[in-house]
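User: I have a structure open and would like to go through a few spots in it with you. Could you take my questions one at a time?

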Amino acid sequence: MAAFALVALVATGCAKGSATQESSAAGKTTVKYFTFSAAPDHVTDLDKIVKAFETANPTITVRVETAPYADYFTKLQTAVAGGAAPDTFELNYENFVSYATSGALMDMSAETAKDDLSAYAAKSVEAFKRDGKQFALPASYSAVVLFYNKDLFDKAGVDYPTADWTWDDELAAARKLTAEGVYGDFQPVQFFEFYKTLAQAGGSFFSGDGKQATFDRPEGVAAAKFLLAKPGTVMPTVADIGGTPDFDTNLFKKGKLAMWHNGIWQFAGLKDVPFDWDVVVEPASTKASAVFQNAVAVSATTKNSAAAYKWLRFLTSSEVTAQTRVATSWELPPLADPKAYAGYFEQTPPANRKAILQAVDTATPTPVIARQQEMQDIVTKALERAVSGKSKVEDALREAAKEVTALIK
């Protein structure tokens with residue numbers, strides 16, 4: 001993943017799915033596509049890409065279904081287990097490993113062997129191979145940065161965040177910004193934030209040989225304590241949120257949140273907010289950023305493999321797709337040609353889009369194992385026990401590390 005991030009930096013520096021059958025009457029093949037990244041802000045953008053594909057391929061119809069990220073993988077897993085997997089679907093890198101290992105994905109090697117994949121950044125293609133076989137095509141990449149409401153900073157008389165900020169700077173500002181009806185910060189206490197802050201603390205999630213979880217060492221404790229310092233002081237608690245979907249997104253859009261750790265996929269949804277905002281690389285003495293890759297795959301049970309591959313090839317590398325992604329700030333296409341990114345970094349808001357390049361340049365790989373979801377749940381639940389006071393941070397991480405090590409073995 002880190003290698004892909006560097007390649008990307010160089011480029012940017014400049015119903016039942018598999019049950020669908022070919023309709024002999026209509027002479028068309030229907031391909032079902034399931035996605036999370038299009039919902040809710042890019043459904044019409046995806047529709048534009050679908051229409052362009054169907055115009056170029058009149059014998060193929062693409063039927064799109066979406067689900068929010070929070071529900072997506074539960075629904076996908078249920079469909080796959082029930083023999084009703086969609087013909088094609090989106091995967092993030094973390095879940096790709098699990099799905100490829102389980103046999104749920106079609107080996108695309110026969111298709112890619114007769115195809116020219118040079119349009120993609122080479123490392124992005126390699127990232128979605130297992131045992132030399134191509135199980136998915138790279139679709140997009142994105143970075144996590146620190147969003148901030150400039151109006152709230154101005155009102156509180158607090159200087160804007162800079163790339164030199166540390167954790168202490170962030171917490172100090174968050175305390176000053178927290179006022180009646182306004183929270184100073186929001187950073188979820190969960191696996192994805194923990195592995196990143198662990199790297200920012202100089203720690204390692206696994207031992208050098210990958211056989212043991214090491215996130216319970218002093219660096220991990222420091223990372224967890226940084227995250228746990230926020231709920232109930234400068235950000236809402238889990239009880240405050242009460243399971244409300246997109247609570248933090250809505251809070252920021254309403255001008256009630258001063259700082260927000262989130263991804264560049266949020267840009268499009270913030271274009272009409274009634275306040276000035278910007279982004280900066282996340283605060284830390286040692287910079288380590290989360291850079292995520294998404295891919296698209298074909299179900300191992302599809303009856304429409306040729307049409308499915310043709311759709312995914314268009315979806316991930318066509319000029320229409322690249323232009324649509326860039327124009328709408330819908331993440332970034334993993335393509336080798338810098339022209340694919342023309343104009344992206346000149347768009348506003350946010351004004352400081354160079355923060356994305358800084359994040360990509362300091363990307364830290366997501367810890368990944370075959371039993372990925374179980375590992376993520378173990379770490380998140382350990383952090384939740386600590387933040388609720390049911391367990392000391394050190395004890396919660398020690399027990400979680402033992403459980404994750406057992407998963408590896």
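User: Which residues is Gln372 in contact with, leaving aside its neighbours within four places in sequence?
Analyst: This is a predicted model, and in it Gln372 is in contact with Glu94, Ser98, Phe191 and Pro367 once the neighbours within four places in sequence are left aside.

User: And where does Gln372 sit, and is it buried or exposed?
Analyst: Gln372 belongs to helix 16, which covers residues 372–387, and because its relative accessibility is 0%, Gln372 counts as buried. A polar atom of the Gln372 side chain lies 2.9 Å from the backbone nitrogen of Ile369.

User: What about Ser124, what does its side chain reach?
Analyst: The side chain of Ser124 reaches the backbone oxygen of Ala121, at 2.5 Å. Ser124 is part of helix 6, residues 122–126, and it counts as buried because its relative accessibility is 0%.

User: Changing topic, how do the axes of helix 8 and helix 10 cross?
Analyst: The axes of helix 8 (residues 167–177) and helix 10 (residues 218–228) come within 11 Å and cross at roughly 15 degrees. Angles under 35 degrees count as roughly parallel, so helix 8 and helix 10 are roughly parallel to each other, and helix 8 passes helix 10 in a left-handed crossing.

User: Which residues meet there, between helix 8 and helix 10?
Analyst: From helix 8, Trp167, Glu170 and Leu171 meet Ala222, Ala223 and Phe226 of helix 10. Sorted by class, this contact of helix 8 with helix 10 has five nonpolar residues, one charged residue and no polar ones.

User: Which residues in helix 14 are buried, and what do they pack against?
Analyst: In helix 14, which runs over residues 319–328, the buried residues are Thr321, Ala322, Thr324, Arg325 and Val326. The buried residues of helix 14 pack against helix 2 (43–56), strand 6 (137–149) and helix 13 (305–317).

User: What happens just after helix 14?
Analyst: Just after helix 14 comes Ser329, with a positive phi of about 55 degrees, in the loop between helix 14 and helix 15. Ser329 has 4% relative accessibility and therefore counts as buried.

User: Where is Asp131, and is it buried or exposed?
Analyst: Asp131 is in the loop between strand 4 (129–130) and strand 5 (133–134), and because its relative accessibility is 79%, Asp131 counts as exposed.

User: Last one, what does Ser391 touch, not counting residues up to four places away in sequence?
Analyst: On that count, Ser391 touches Arg385, Ala386 and Ala396. Ser391 is in the loop between helix 16 and helix 17 (393–408), and its C-alpha is 30 Å from that of Gly181, with the two residues 210 residues apart in sequence.

Methods. Residues are numbered from 1 along each chain as its sequence is written. This is a predicted model: local features need pLDDT of at least 70, side-chain atom pairs count only at pLDDT 80 or more; totals for chains, interfaces and linings use all residues. Side-chain values use heavy atoms; hydrogens and water are left out. Buried means under 20% relative accessible area, exposed over 50%, partly exposed in between (1.4 Å probe, protein chains only). Helices (H or I, at least four residues) and strands (E, at least two) are DSSP runs, numbered from the N terminus. Contact means heavy atoms within 4.5 Å. Axes are lines fitted to C-alpha atoms, for helices over the stretch in contact, and angles run from 0 to 180 degrees between N-to-C directions. Angles under 35 degrees count as roughly parallel, over 145 as roughly antiparallel, 65 to 115 as roughly perpendicular and the rest as oblique. A crossing is left-handed if the near helix is turned anticlockwise from the far one by less than a right angle, and right-handed if clockwise. Ala, Val, Leu, Ile, Met, Phe, Trp, Tyr, Cys and Pro count as nonpolar, Asp, Glu, Lys and Arg as charged, and the others, Gly among them, as polar. A polar contact is a pair of N or O atoms within 3.5 Å; within protein, one must be able to donate a hydrogen and the other to accept it, and residues adjacent in sequence count only if both atoms are side-chain atoms.
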